[in-house]
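Here is a short report on one protein model.

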Amino acid sequence: MTDYDCIVIGAGMAGLSSALKLSANGKKVLVLEKQPVAGGVGTSFKRKGFTFESSLHFVDDLMPGGEVREAFDKYGVSEKIEYIKLNEFGRVIYPDHDFVVGNDFESLKSWLNDNFPQDKVGIGEFFHSIAKFYKQFDHFMHAKIPLWLKLALSPLVYPSIIKTSCLTLEQFIPKKIKDKRARSIIGTLWGFVGLPPSELSAFYFLIVLRGCWGRDTAYIKGGFSRLFSAMVERIREYGSEVKFNAIVTQIITENGGKATGVRTDKGEKFRAKVIISNANAIDTLTKLIDSDPIKVEYAKSLSSMQKSVSAFTLYLGLNVSAKEVGMRYPLLSLNLGYDHDEAFKACLDGDYSRASFALVDHTQLDPGLAPQGKSSLCLMTFADYALWGNLSAEEYAKRKLETAEAIVAVLEKYLPGLSKHIEYMEAATPKTMARYAMLPEGAVYGFAQTVGQSSINRFPQKTKIKGLFLAGAWTSPGCGIHGCFVSGDEAADLALRQLRKA
Ligand SMILES: Cc1cc2nc3c(=O)[nH]c(=O)nc-3n(C[C@H](O)[C@H](O)[C@H](O)COP(=O)(O)OP(=O)(O)OC[C@H]3O[C@@H](n4cnc5c(N)ncnc54)[C@H](O)[C@@H]3O)c2cc1C
């Protein structure tokens, strides 16, 4: 039996980020992944000549200057892939508005001022507040002082972070902005975090807002799977191992005190000094660990936590360029109303005639993703596992097809001629999300980013078991490739500290 410094369960972004850092630091790591490929929910797949992204639209922080990009450059991942920068975030449609958002706040601010002149003072206040928040947030992240001191100084040095962490997005947007449409447009990116503004933590929303509308976003030539494969290659080149088709069924502990290894579905046993789990927090802590008293304790505390929403995704292979049906930019955010709470509820009820959608045409950035002259479209909206989880095979197939057709009918109004150009169609439901990436009830963003579960209230990466750490969307800081990269990086730091002590 080989001994490792660290075993990483799962090869999603956070698991790979942990394994990369540890391997680059000379540690011997074993990554065990259930699927035959890396990337978790973020992987790409190919059907009948069309390459689709299973979930990812674009990723922030990948262009020069971003912390994720810096790490990929440093660890030699960038040499293996080609980044494609987006010129703008994309096109945004509401009932009375149709506009393009750039990747800088100035153009957004001037668009809002031009369209809502009566709310200029409130809009100015909003941009002033977020600038203050980002300044304090960057200082908090980069100041070279111990965390405990930063936290102790927070009321004096980081009041904006504390205030923002206590508010929902709805509460954060200044009351002086009276036009509900302006308030909704500011909150458009709620869909990237999976909760409407009335419930969503302003703290995590602002992190995502800067990533997507305030800075450059990027795609990877050939698909995001190339990025995950490049990370796997580098981990192996550093001397560590990545095994696919390996499901971890047990985390072995010494009487519940310290994690010492794992067991897989094939009965193999591996030992390590520390373990990082990129598997969902609920399964890790209530099923995988072998200590019954700790499992019971966790089951009790986790039962009161709110899981994020699930998703319905649609993959369309068109026999023409999507531009021919009016998809003028790689990304379209389609909002059938201004009330995001109503749109969220409509999604949960399975009524897509009142919902919001994000539609992406990656072929505009990389024509090689589809046969010549054709295009691959990926659409995402939200869905409730409760409507999907307990259907018979027949009912499930029927609902899947009806939902896909209902969504195509909505899209047809904005992209006329779309339906007659569909050459290939496939959909993924909350059940797919639950099965593919082992996400309880298909919760695509981990624990929901409510005020009580975000920022300093985020579920911690350290567990009650010594040497067992969590990495990924369920823990700190949260969902998104950037967030999960940071989560994996910080789990690696915790593991390195533990290894030094040992
Ligand atoms: C529809 C959709 C659209 C999105 N769009 C974007 C976007 O445009 N930009 C963006 O930045 N983010 C986006 N996200 C969010 C982002 O994809 C996720 O937050 C991120 O990929 C989650 O990564 P993770 O590290 O938490 O791991 P996951 O992707 O959840 O991967 C965990 C891995 O662990 C494996 N695993 C689980 N249990 C075991 C076990 N017992 N043994 C072995 N392996 C196991 C799983 O198979 C999986 O590969 C989107 C998400 C969804 C669902």
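## Domains

What distance separates the centres of domain 2 and domain 3? Taken over C-alpha atoms, it is 29 Å. This is a predicted model: local features need pLDDT of at least 70, side-chain atom pairs count only at pLDDT 80 or more, and totals for chains, interfaces and linings use all residues. Residues are numbered from 1 along each chain as its sequence is written.

The chain splits into domain 1 (3–42 + 65–72 + 222–305 + 459–501), domain 2 (105–212) and domain 3 (307–436). These bounds come from an automatic or database domain assignment. In domain 2, 11 residues are in contact with 11 residues of domain 3. The domain 2 side has three nonpolar, six polar and two charged residues. Contact means C-beta atoms, placed from the backbone, within 7 Å. Ala, Val, Leu, Ile, Met, Phe, Trp, Tyr, Cys and Pro count as nonpolar; Asp, Glu, Lys and Arg as charged; the others, Gly among them, as polar.

## Ligand shell

Around the ligand are 36 residues (C-beta atom, placed from the backbone, within 6 Å of it). Gly-10, Gly-12, Gly-40, Ser-55 and Gly-472 come nearest. The shell has 21 nonpolar, 13 polar and two charged residues.

Domain 1 and domain 3 each provide at least three shell residues. Helix H1 (13–24), strand E14 (310–318) and helix H16 (481–501) each supply at least two. Helices (H or I, at least four residues) and strands (E, at least two) are DSSP runs, numbered from the N terminus.

## Helix pair

The axes of H11 (residues 281–288) and H12 (residues 292–303) come within 8 Å and cross at roughly 145°. Axes are lines fitted to C-alpha atoms, for helices over the stretch in contact; angles run from 0 to 180 degrees between N-to-C directions. H11 contributes Ile-282, Leu-285 and Thr-286; H12 contributes Lys-295, Tyr-298, Ala-299 and Leu-302. By class, this contact has five nonpolar residues, one polar and one charged.

Methods:
Contact = placed C-beta atoms within 7 Å.
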